[in-house]
Amino acid sequence: MEMVIAINGSPRKKWNTATLIEHTLEGAASQGAATELVHLYDLDFKGCTSCFACKLKGGKSYGKCAMKDDLSPVLERISGADALILGSPIYFGIVTGEMRSFMERLLFPNLTYTRPPRSLAPRNIPTAFVYTMNVSEQLMKENYGPHIAANARVMKMMFGQCESLYSTETLQFEDYDKMVFSYFDPEERKKRRREVFPQDCRRAFDLGVRLVKAGRAE
Amino acid sequence: MPFREQGIATETIFLNDLKIRGCQACYWCKKNDVADCAVKDDMQSIHRRMQESDGIIVAAPIYFGGVTAQIKIWMDRLFPYISMNLSPKMPAGKMVSFIFTQNQPDAQLFETPIRTFMHMVGLTGLSVKDYMLGCDLDAGIKLSVSERKELLDQVYRIGRDLIP
């Protein structure tokens, strides 16, 4: 049975990002895969500290992250996974700080310091990045396009393939009356949550199905 | 050095030495409409020191085409300074300048993420003064910053010109 791991880079465990990646895992499970969801904000860990132990000739940590913290067992499980899903909201135009920390710890040890750089990942696996954000699809393409493309590029370089899925103009919270707020019409947003977000969830489910099938085709 | 010459006190904060959690998206700062954060950790003292300062220099290497995770977490925690209508909440008149370093020799390569980062920090109400990018740097392999006079001159000017 395949193992599919999803990483939740949102602090919230029950909102847009988590909901979407849960649907992705359900899609994977519908194809018979075992699944695991990791909430990064439950873990005590840091971004890469640039110690370069993963680049040391003959070093015992060559190609692996030498930092020991809550992320170490997660990275170990990912090295045996058959598909990997990263989920994050966009904060200040970039994935969250915790997702960024995770990515540095996942990617840098797997990257050879050679020209051209090579991947040390044990094998190619299907990967996907699921994004949620406040801005519209149009604004996303104008402003976050390079960031999203760069993430896909580096994941593809490491693992062979990466697909991006995004949900835009998400509902940030239930009760806009409680907030100091005048940015957009909350009613429009709630309507979108009822009508568009379920479609995003279906696309996330289909993504999970595709990832397992793609893994079998590898 | 440029600050000492102008009689300006300085302090350096190493983010990687501190315990700073990411923004929890609890929206406490928005419910209460304050430039204050509900998460009690080492960021609290950074908030206080930023608010008491006249200027800030943010320095970060570029990892994987963007700023490091440590500085991204710091930026996520600046959310209290940005109202939901995007008006800034940082007390006015504070300057910010940026120092970036990267291994890649091509200065244009990561221009978009660098500009996005500075723009977002500016949304807090900090006035973006200046920035510099040191390229072709890789500790122990390439010439170090201290051997690159043009970079030392640039950082000197960043410091000298921060506070008008």
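Author: What follows starts at the interface and then moves into each chain.

This is a predicted model, in which local features need pLDDT of at least 70 and side-chain atom pairs count only at pLDDT 80 or more, while totals for chains, interfaces and linings use all residues. Residues are numbered from 1 along each chain as its sequence is written, and chains are lettered from A and ligands numbered from 1 in the order in which they are written.

At the interface, 30 residues of chain A are in contact with 27 residues of chain B; contact means that the C-beta atoms of two residues, placed from the backbone, lie within 7 Å. On the chain B side, α2 (28-31), α4 (69-76) and α5 (111-122) each supply at least two residues. Helices (H or I, at least four residues) and strands (E, at least two) are DSSP runs, numbered from the N terminus. The largest share of this side, 6 residues, belongs to α4(B). By type, the side of chain B that touches chain A has 11 nonpolar, 11 polar and 5 charged residues. Here Ala, Val, Leu, Ile, Met, Phe, Trp, Tyr, Cys and Pro count as nonpolar, Asp, Glu, Lys and Arg as charged, and the others, Gly among them, as polar.

The partner of α4(B) considered here is α3 (residues 97-107) of chain A: the two axes come within 8 Å and cross at roughly 175°. α3(A) is therefore roughly antiparallel to α4(B). Angles under 35 degrees count as roughly parallel, over 145 as roughly antiparallel, 65 to 115 as roughly perpendicular and the rest as oblique. Axes are lines fitted to C-alpha atoms, for helices over the stretch in contact, with angles from 0 to 180 degrees between N-to-C directions. α3(A) contributes Gly97(A), Arg100(A), Ser101(A) and Glu104(A) to the contact, and α4(B) contributes Ala69(B), Lys72(B), Ile73(B) and Asp76(B). These residues divide into 2 nonpolar, 2 polar and 4 charged.

Next comes the sheet of chain B. Its 4 strands form an open sheet in the order β2-β1-β3-β4, with mixed pairing; strands pair if DSSP finds at least two bridges between them. At the edges are β2 (66-67) and β4 (127-134), each pairing on one side only. Strand β3 (residues 95-101) runs parallel to β4(B), joined to it by 7 bridges. Ser97(B) is opposite Asp130(B) of β4(B). Helix α6 (residues 149-160) of chain B lies across β1, β3 and β4, at about 170° to β4(B). Asp136(B), in the loop between β4 and α6 of chain B, has a positive phi of about 60° although it is not a glycine.

In chain A, Leu40(A) sits in the loop between β2 (34-39) and α2 (71-78). Leu40(A) counts as buried because it has 24 C-beta neighbours inside 10 Å; buried means 20 or more other C-beta atoms within 10 Å, exposed 12 or fewer, and partly exposed in between, with C-beta atoms placed from the backbone. Leaving out residues up to four places away in sequence, Leu40(A) touches Ile7(A), Asn8(A), Gly9(A), Glu98(A), Met99(A) and Phe102(A). Finally, a cis peptide bond joins Arg115(A) and Pro116(A), with omega about -5°. Pro116(A) is in the loop between α3 and β5 (125-132) of chain A.
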